[in-house]
Amino acid sequence: MSQFEGVSVVKKANVYFDGKVTSRAVIFADGTKKTLGIMMPGEYEFGTDAKEIMEIQAGDLKVLLPGESEWLHIQGEGEFVVPANSKFKLQVASVTDYICSYINE
């Protein structure tokens, strides 16, 4: 799917790490939420409340998922899932375009 239909977009951006990571929330008719964002090169750690599915649209990064000892390397497109109530680390090597889906189970 190259575009989302029938959605609302929250105008205020989510800004993290002094502007190096930004996103905008997209709300679907059924109440589900995604964020569309950009990460600049750097190292980051995020915490989750809900389960997250991270779809990488373009970029070069490594992710260390909870409970793992090896980094997952994604170049170009890829995806990873982060459990609810956990933390994950990112090493972003180039500007990375992402979509984050929040899954309330």
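**Reading the pocket**

Modeller: Strand E9 contributes five residues to the lining of the largest pocket, the most of any element. Strands (E, at least two residues) are DSSP runs, as are helices (H or I, at least four), numbered from the N terminus. This is a predicted model, in which local features need pLDDT of at least 70 and side-chain atom pairs pLDDT 80 or more, while totals for chains, interfaces and linings use all residues. Residues are numbered from 1 along each chain as its sequence is written, and side-chain values use heavy atoms, without hydrogens and water.

Colleague: Which other strands supply at least two residues of this lining?

Modeller: Strands E3 (21-28), E4 (33-39), E5 (42-47) and E6 (51-64) each do so, as does E9.

Colleague: What volume does the largest pocket have, and which residues lie nearest its centre?

Modeller: A pocket is an open set of points on a 1 Å grid where a 1.4 Å probe fits, with protein on both sides within 12 Å along at least five of seven lines; lining residues have an atom within 4 Å of a point. Here the volume is about 240 Å³. Of 17 lining residues, Tyr-16, Phe-46, Glu-52, Cys-100 and Tyr-102 lie nearest the centre.

Conventions
Grid points are joined across faces, edges and corners, and a volume is the space filled by probe spheres set on the points.
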